[in-house]
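Keep the sequence and the 3D view open side by side.

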Amino acid sequence: MQEKADWIFKWGGIVKTEIINPEGLNLRDKVVCINRVAKVVKGGRRFSFSALVVVGNGEGIVGAGKGKASEVPEAIRKAVEQAKKRLFKFALKDGTTTHRIIGRYGSNSVVINPARKGTGLIAGGAARAVFEVAGVQDVVAKSLGGHNPFNTVKATLDGLANLKDPETVLKLRGKAEGETTSEEEGD
């Protein structure tokens with residue numbers, strides 16, 4: 001099977017343009033939430049479990065997946081397997097994000113602000129889990145809108161996926177790496 005470098009899939013508004021092989025990476029996974037869900041059938045209710053898991057290597061590669069099964073461990077295993085298929089790389093600089101960004105999914109938005117070294121991880125719930133496995137140590141994030149952890153994770157991943165690397169932006173503008181204007185430096 002030949003792998004294409006420009007392979008694209010879309011999950012939660014994230015467009016992935018390269019395949020990341022999870023086998024060579026030292027991945028950590030974190031369970032964000034486990035829900036007991038019910039299907040109503042003729043004899044009553046049939047219960048199963050859905051799990052939301054985020055996976056990352058702690059160095060700027062992260063992915064998320066959800067799994068559903070009649071047993072909790074099987075649901076988590078399925079979610080981890082799905083998350084490994086959806087890994088993507090984002091711009092990470094000195095343990096924080098490169099710039100301020102707002103990730104959106106559904107009614108949820110997550111405002112992600114870079115922070116100085118030593119600030120720590122200031123984020124709540126589902127967004128915090130994503131930052132922990134992704135390797136972001138200093139960030140201030142706020143979840144707005146709904147409280148659904150599935151949508152919050154997708155909004156956080158959308159924000160991280162849309163981060164731009166400073167060197168890439170300078171190339172697009174046609175400037176050399178050391179060349180910046182006084183407007184860009186004045187913060």
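Ser50 counts as buried, because its relative accessibility is 11% (buried means under 20% relative accessible area, exposed over 50%, partly exposed in between, with a 1.4 Å probe and protein chains only). Before going further, note that this is a predicted model, where local features need pLDDT of at least 70, side-chain atom pairs count only at pLDDT 80 or more, and totals for chains, interfaces and linings use all residues. Residues are numbered from 1 along each chain as its sequence is written, and side-chain values use heavy atoms, leaving out hydrogens and water.

Ser50 sits in strand 4, residues 44–56 (helices are DSSP runs of H or I with at least four residues, strands runs of E with at least two, numbered from the N terminus). Setting aside neighbours within four places in sequence, its contacts (heavy atoms within 4.5 Å) include Cys33, Asn35, Gly67 and Phe150.

Now for the largest nonpolar core, which has 29 residues. Such a core is a set of buried Ala, Val, Leu, Ile, Met, Phe, Trp, Tyr and Cys residues joined through side-chain atoms within 4.5 Å. Among the elements that give it two or more residues are strand 4, helix 2 (125–134) and helix 3 (149–161). Helix 2 gives the most, with seven residues.

Helix 2 is largely enclosed by the rest of the structure, because seven of its ten residues are buried. Phe131 is one of those buried residues, and it's also among the residues with the most contacts inside the core. Beyond its neighbours within four places in sequence, Phe131 touches Ile112, Thr156 and Leu160, among others. Just after helix 2, Gly135 takes a positive phi of about 95 degrees.
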